[in-house]
Amino acid sequence: QELVYIEVKSTIGNEIYFSKSELEFAYEHIENYLVKVVKDGEIYDFSLYEVICEYFQLKEKINLCLIDTIKVKIDFNQGK
């Protein structure tokens with residue numbers, strides 16, 4: 001059996017944050033890495049795939065050593 005890594009983020013708004021190391025770890029384990037977001041007592045599934053793709057495209061273009069955290073906006077109404 002393979003391990004499943006679950007990242008849990010909570011928010012009171014529509015933004016969550018990921019560190020560079022979190023995104024790199026997620027990329028290395030993308031097949032078994034899940035993100036759950038908790039807002040107002042509800043748990044939402046969140047796909048990191050697009051965020052990771054964007055991060056690594058940016059990493060090739062600019063020097064990301066100056067960036068510690070990536071802010072991600074979430075539309076909690078999507079899919080309802």
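Tutor: Helices (H or I, at least four residues) and strands (E, at least two) are DSSP runs, numbered from the N terminus. The model is predicted, so local features need pLDDT of at least 70 and side-chain atom pairs pLDDT 80 or more, whereas totals for chains, interfaces and linings use all residues. Residues are numbered from 1 along each chain as its sequence is written, and side-chain values use heavy atoms, leaving out hydrogens and water.

Student: Where is Asn-32 found, and why does Asn-32 count as buried?

Tutor: Asn-32 belongs to the loop between helix H1 (20–28) and strand S3 (33–39). Buried means under 20% relative accessible area, exposed over 50%, and partly exposed in between (1.4 Å probe, protein chains only). Asn-32 has 13% relative accessibility and therefore counts as buried.

Student: Which residues does Asn-32 touch, not counting those up to four places away in sequence?

Tutor: With contact taken as heavy atoms within 4.5 Å, they are Glu-2, Leu-3, Val-4 and Tyr-5.

Student: What makes Asp-40 exposed?

Tutor: Its relative accessibility is 67%, so Asp-40 counts as exposed. Asp-40 lies in the loop between S3 and strand S4 (42–46), and its phi is near 50 degrees, a positive value in a residue other than glycine.

Student: Which residues of H1 are buried, and how do you know that they are on the same side?

Tutor: The buried residues of H1 are Glu-22, Leu-23 and Ala-26. They cover an arc of only 95 degrees around the axis, which puts them on the same side of H1; the arc is that of the directions from the helix axis to the C-beta atoms. On the other side of H1, Ser-21 and Glu-28 are exposed.
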